[in-house]
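Reader: Before we go through this protein together, please let me see the sequence and the structure.

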Amino acid sequence: MAPCVASMSCTVLLITIICTLSFVLSVASATTTAEGGTRPFKRVYAFGDSFTDTGNTQNAEGPSGFGHVSNSPYGTTFFNHSTNRYSDGRLVIDFVAEALSLPYLPPYRHSKGNDTFGVNFAVAGSTAINHLFFVKHNLSLDITPQSIQTQMIWFNRYLESQECQESNCKDFDDTLFWFGEIGVNDYAYTLGSSVSDDTIRKLAVSTVSEALQTLLEKGAKYLVVQGLPLSGCLTLSMYLAPPDDRDDIGCVKSVNNQSYHHNLVLQAKLQEFRKQYPQAVIVYADYFNAYRTVMKNPSKYGFKETFNVCCGSGEPPYNFTVFATCGTPNATVCANPSQYINWDGVHLTEAMYKVISSMFLQGNFTQPPFNCLLGKKKRVG
């Protein structure tokens, strides 16, 4: 075996080997959840943006360009009606809940007391950077003022409502914290402005890191942190970018470069946290490369349409226009959403979320493997 070049990759490789061996030793009991065994976690707390939001946003509250999430055909593939999820059905976090034998997470704003097994604080349109930053730079055209800091405020209020202070939140030993991707909106909101990608990258990773460190200081022991997806493959990116801005898989090169470099900085920060909090299992979910793997061979995963949206309006090749998005009267919906990657131009179909979640939970797109996290939870109890 060739010597490791980067210390971070060596450390992750070593952790992966140890986790794999540990998991093999406990695999019989650690994977019995789906077969009726005990749940590995009692609850899940989720954070993020519209890729993870299970209902904190409704029509009048969501991103201005996609303000019809409460309308049909959102949700019709699985729920048969809109649940204010930005998809035709389930999201990655829903498949995570299923895999852990837990109910779907209720949105914080509308939990109605059914929060026994966790709460979802993710909100569509959310940024990593505080909203005031965008106001200061005259970039507050979107009507969504929430950021990851807002979600942490909600989380702290929730803990207070449960009479759970830092000193007695022992249930964190049985809690999985899931950080869905957040940061795509930060780059999108500064498109065409004088604010540099480097500035957004630095501030976004910093604010997300602060939120993660807050959880770790409170006693969080099991965290999954998603990187940014292959944002340049979203239909909106393709629609807006000039035709000569393309990469080797036909997506927008400049946007994918944003996500790629953002993820590198985020991963480096997570590695710092692993050293600082050795008692915690901090998993990086590689959304970028999971998505890229699908794009390189879509038919392998059952997809026929990679850029054309299932729900929208407009001329080929995208069936998309920002003036009549999914849920508006002029929008149409495809007959077979499971054959499409893009649902409405910015968000993905349930079929794509299912593939991605499988890559996270059973595949090779988490570092260390998600099975490592389950194995340690089983051993520690």
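Author: Of the contacts in the protein chain with a separation of 6 or more, 73% are accounted for by residues 24 or more positions apart, a contact meaning heavy atoms within 4.5 Å. This is a predicted model, in which local features need pLDDT of at least 70 and side-chain atom pairs count only at pLDDT 80 or more, while totals for chains, interfaces and linings use all residues. Residues are numbered from 1 along each chain as its sequence is written, and side-chain values use heavy atoms, with hydrogens and water left out.

Reader: What does the secondary structure of the protein chain come to?

Author: Helices (H or I, at least four residues) and strands (E, at least two) are taken as DSSP runs, numbered from the N terminus. By that assignment, the protein chain comes to 11 helices and eight strands.

Reader: In what order do the six strands of the open sheet stand?

Author: Strands are taken to pair if DSSP finds at least two bridges between them. Strand E1 (residues 43–47), for instance, pairs with E2 in the parallel sense over three bridges, and Val 44 has Gly 118 of E2 as its bridge partner. The pairing in the sheet as a whole is mixed, and the order is E2-E1-E3-E4-E5-E8.

Reader: Which strands of this sheet are left without a neighbour on one side, and why?

Author: The strands in question stand at the edges and each have a single partner strand, so one side of each has no neighbour in the sheet. They are strand E2 (118–120) and strand E8 (366–367).

Reader: Which helix lies across strand E4, strand E5 and E8, and at what angle does it run to E5?

Author: Angles here run from 0 to 180 degrees between N-to-C directions, with axes as lines fitted to C-alpha atoms, for helices over the stretch in contact. Elsewhere on the sheet, helix H4 (residues 148–161) lies across E1, E2 and strand E3 (175–179), and runs at about 150° to E1. Across strand E4 (222–226), strand E5 (281–285) and E8 lies helix H8 (residues 253–276), whose angle to E5 is about 170°.

Reader: Is Leu 266 buried or exposed?

Author: Leu 266 has its place in helix H8, and beyond residues up to four places away in sequence it touches Val 205, Val 225, Gln 226, Gly 227 and Tyr 284. Buried means under 20% relative accessible area, exposed over 50% and partly exposed in between (1.4 Å probe, protein chains only); with a relative accessible area of 4%, Leu 266 is buried.

Reader: What volume does the largest cavity have?

Author: A cavity is a set of points, on a 1 Å grid over the protein atoms alone, where a 1.4 Å probe fits but cannot get out, and its lining residues have an atom within 4 Å of a point. Grid points are joined across faces, edges and corners, and a volume is the space filled by probe spheres set on the points. The whole structure holds two cavities of 30 Å³ or more, and the lining of the largest includes Phe 179, Val 225, His 262 and Leu 266. The volume of the largest cavity is about 50 Å³.

Reader: Which elements each supply at least two residues of that lining?

Author: The lining residues divide into six nonpolar, three polar and no charged. The elements that each supply at least two of the residues are E4 and H8.

Reader: How many residues of helix H9 are buried?

Author: Among the elements that cover the buried residues of H9 are helix H2 (92–99), E4, H8, E5 and helix H10 (350–361). One of the buried residues is Val 294, with a relative accessible area of 0%, and Val 294 touches Tyr 301, Phe 303, Ile 341, Met 352, Val 355 and Met 359, not counting residues up to four places away in sequence. Helix H9 (residues 287–296) is mostly covered, the buried count among its 10 residues being seven.

Key
On a 1 Å grid over the protein atoms alone, a cavity is a set of points where a 1.4 Å probe fits but cannot get out, and a pocket is an open set with protein on both sides within 12 Å along at least five of seven lines; lining residues have an atom within 4 Å of a point. Ala, Val, Leu, Ile, Met, Phe, Trp, Tyr, Cys and Pro count as nonpolar, Asp, Glu, Lys and Arg as charged, and the others, Gly among them, as polar.
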